[in-house]
Amino acid sequence: MRLNLLFLLVFSLTAPAAELHGDGAVDTRIGLSSKWDVVLHNRARVRMAENDWYDVSLIPIFRYQVHPKVQLTTGAFFTRTEAKSGWRTVARPFVAGEYSIGRRPVTLASRTQYERLLVFGGADYNRYRERLRVIRNGSWKPYASTEFFVTKDGLVTTRYGAGVRKDIGRPDGVEFFYWYEARS
């Protein structure tokens, strides 16, 4: 009961600046070796209140399996996103480390990521992300996550999400999720 009240309090404090978003993503993995693979991550986002698409991305991700529970990733987001001044292009190269623990039925996964946002026609900046995700293992993988975004100015936003992933064969998958963003 106390945890539920704390949860409601956190959301009520951030509700005025918060937005509910929906995402759809399709991954295609290409195995290069037993340790290396490339993931082509295609994503589209919609603001639920406006029922309008505002972000479409193609993200090549290179992954190196250091250990069965540890991955290093690098890649770049190439995004067309809607801003107040209209549509703009953003390139976002990144590096990340991912660690997971758990056994059936649940896995706990953590990701730490550094990004450089290259805004065409705007100011470039660095961003740091930390995500914690709880995943129910199986052929359908429902999950819940919390992610923090930090820039040189401090905490920018917190994102709470829930979704489901379905692997299609070994290399490919489809994912649908919603996230609630609480901006500072």
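Visitor: What should I know before reading any values?
Guide: This is a predicted model, in which local features need pLDDT of at least 70 and side-chain atom pairs count only at pLDDT 80 or more, while totals for chains, interfaces and linings use all residues. Residues are numbered from 1 along each chain as its sequence is written, and side-chain values use heavy atoms, with hydrogens and water left out.

Visitor: How many helices and strands are in the protein chain?
Guide: The protein chain has 1 helix and 10 strands. Helices (H or I, at least four residues) and strands (E, at least two) are DSSP runs, numbered from the N terminus. Along the sequence the pattern is α-β-β-β-β-β-β-β-β-β-β.

Visitor: And how much of the chain counts as buried?
Guide: Of its 184 residues, 36% count as buried. Buried means under 20% relative accessible area, exposed over 50%, and partly exposed in between (1.4 Å probe, protein chains only).

Visitor: Take Asp37. Where is Asp37, and is it buried or exposed?
Guide: Asp37 lies in strand E2, residues 36-47. Asp37 counts as buried because its relative accessibility is 14%.

Visitor: Which side chain does the side chain of Asp37 make a polar contact with?
Guide: That of Arg63, at 2.8 Å. A polar contact is a pair of N or O atoms within 3.5 Å; within protein, one must be able to donate a hydrogen and the other to accept it, and residues adjacent in sequence count only if both atoms are side-chain atoms.

Visitor: Different topic. Where is Leu58, and why is it classed as partly exposed?
Guide: Leu58 is in strand E3. Leu58 is classed as partly exposed because its relative accessible area is 43%.

Visitor: Now the hairpins. How do E6 and E7 pair?
Guide: Strand E6 (residues 106-119) and strand E7 (residues 125-136) pair in the antiparallel sense over 12 bridges. Two strands pair if DSSP finds at least two bridges between them. Arg116 stands opposite Asn126 in E7.

Visitor: What sits in the turn between E6 and E7?
Guide: The hairpin has 5 residues between the strands, and Gly121 in the turn has a positive phi of about 85°.

Visitor: What about E7 and E8?
Guide: E7 and strand E8 (residues 140-151) run antiparallel, joined by 8 bridges. Val134 has Ala144 in E8 as its bridge partner. This hairpin has 3 residues between the strands, and Gly138 takes a positive phi near 145°.
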